[in-house]
Amino acid sequence: MTPLKTTLASTLLAASVFVAAPVALAAPPVASPAVAALPDFADIVERTGPGVVNIRTTERVRQNAQGQGGVDDPEMQEFFRRFFGIPIPRQQQPGTPRGNGKQGGQGQQEEVPRGVGSGFIISADGFIMTNAHVVEGASEVYVTLTDKREFKAKIVGSDTRTDVAVLKIDGSNLPRLNMGDSDKIRVGEWVLAIGSPFGLENTVTAGIVSAKARDTGDYLPLIQTDVAVNPGNSGGPLINLKGEVIGINSQIYSRSGGFMGISFAVPIDEALRVADQLKASGRVTRGRIGVQIGEVTKDVAESLGLARAQGALVQRVEAGGPAEKAGLEAGDIILKYNGAAIERPSDLPRMVGSTKPGAKATVSIWRKGSARDVSVTVVELEADKPKQAEEKKAKPDNAPNSLGLVVSDLSDAQRKELKVDNGVLVEAVNGAAAAAGIRPGDVIQRLNEVDVKDAKQFAQLVSKLDAKKRAAVLVRRGDSSQFVPLRPNGGN
């Protein structure tokens, strides 16, 4: 992590001028260079730090009675520490009851670490805001305060489109943070972030606002900063010099997985609107009008008689949708929505999304050289659905193999996205694989010395393994690959 460096001009030059005459003449005084005062972050951190929390999540995986070998092995312990950054659960000794396991039909459920993140308290009675991706897929969520008190949290609701989630812990008189106004931020102003990068709790970093309203999604005009934000900072607050939260640290631009000088935060104004709906109903309701839109280029604007490039070009109108019923057509340019100008296409879905379903909206359009207004009845946008595979994959066998793995073939699109030529996708884990930290979404690329081509071949390779020996499984997660030693079920 590169430290923030500031250079202050601090040298004052004084000179004396001597002439041939016996009287020395003093040179005029040199003015001191102006030095801008730097902010005192220490006072801000002291006031706001107690309101920032560490969030860790776990998930329950089913453990077979057999096939747990290797978790007490020093080699496995070192692998887990280096690759996953967290200690591996210790192996249960014979006759020792499990403290947090639950008896299942095919074995016992074990609670294993899943991830870490950050959050901040928004009300004294225990409501906490964080990112949706921090708690997504978690079986349990634990919140730790700076005074080391730990609470089990309930997920009130989460919204993947804005990456905002609200948690609730049982507490009172908790140290909440004050909310600021993200609409009033200025590019160049100082801000700081508090969170748990790489699990290092209560870490403070500082920088400036680099840009406002960066378009990275339909409903997310993000704040761009140069504050050092890394994995684990997600969900933590972005704080201004008044000690107010102006954003939720959410994303980084990175080619390595670490900070590269650009980070993004969800504006707190948008996050609070989402949080209010989550607290009220556990979900977010958005409007839609049923159009597919695109950019209005300068050339298109000139050819159509528009004064400048603005608005959203209607590329397609949904059959039977609100826009079609209102008379909108492909080729129309939407210039205003309820009187508010559409400067760029991304403005429209945000405005429509914030409209209550059932309400009527006035849409100003440009068509064939003239402007006109149409009235559209907004309907509800359906909730997110799991993305469908672009290509049909071989249906995985629901029964885990002797390594505790359920895998499926990678589609061509997944191979391209993951930048791999071979391997199988982990769909579910059990037994030794779960204890070793392998999780759904990982890619198995090699078994011992053999490259894995598809799920069928992988099953054949596993079936021939010696139960008395560990197998070296090459696991890829993100941009990193690591061998994981696993012993098939039945091995000693």
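Residues are numbered from 1 along each chain as its sequence is written, and side-chain values use heavy atoms, leaving out hydrogens and water. Because the model is predicted, local features need pLDDT of at least 70 and side-chain atom pairs count only at pLDDT 80 or more, while totals for chains, interfaces and linings use all residues.

Let's begin with helix 1. Helices are DSSP runs of H or I with at least four residues, strands are E runs of at least two, and both are numbered from the N terminus. At the start of helix 1, a side-chain oxygen of D40 comes to within 3.1 Å of the backbone nitrogen of A42. F41, I44 and T48 are the buried residues of this helix. The face turned away from the buried side carries the exposed residues E46 and R47. Here, buried means under 20% relative accessible area, exposed means over 50%, and partly exposed lies in between, using a 1.4 Å probe and protein chains only.

Now stay with F41, which is buried at 19% relative accessible area. What does a search of the whole structure find among aromatic pairs? The search finds one such pair. The ring centres of F41 and W190 are 5.6 Å apart and their planes stand at 65°, so the pair is edge-to-face. (Rings of Phe, Tyr and Trp, the last by its six-membered ring, pair if their centres lie within 6.5 Å; planes under 30 degrees apart are stacked, over 60 edge-to-face, and the rest tilted.) F41 belongs to helix 1 (residues 41–48) and W190 to strand 11 (residues 190–195), so the pair ties together parts that are 149 residues apart in sequence. W190 itself is partly exposed, at 24% relative accessibility.

Rings can have charged neighbours too. R56 lies over the face of Y142, 4.3 Å from the ring centre, and K168 lies over the face of F127 at 5.5 Å. For this, NZ of Lys or CZ of Arg must be within 6 Å of the ring centre and within 35 degrees of the ring normal.

Our last stop is R367, found in strand 22 (residues 360–367). R367 is buried, with a relative accessible area of 12%. A polar contact of 2.7 Å joins the side chains of R367 and D332. Such a contact is a pair of N or O atoms within 3.5 Å; within protein, one must be able to donate a hydrogen and the other to accept it, and residues adjacent in sequence count only if both atoms are side-chain atoms.
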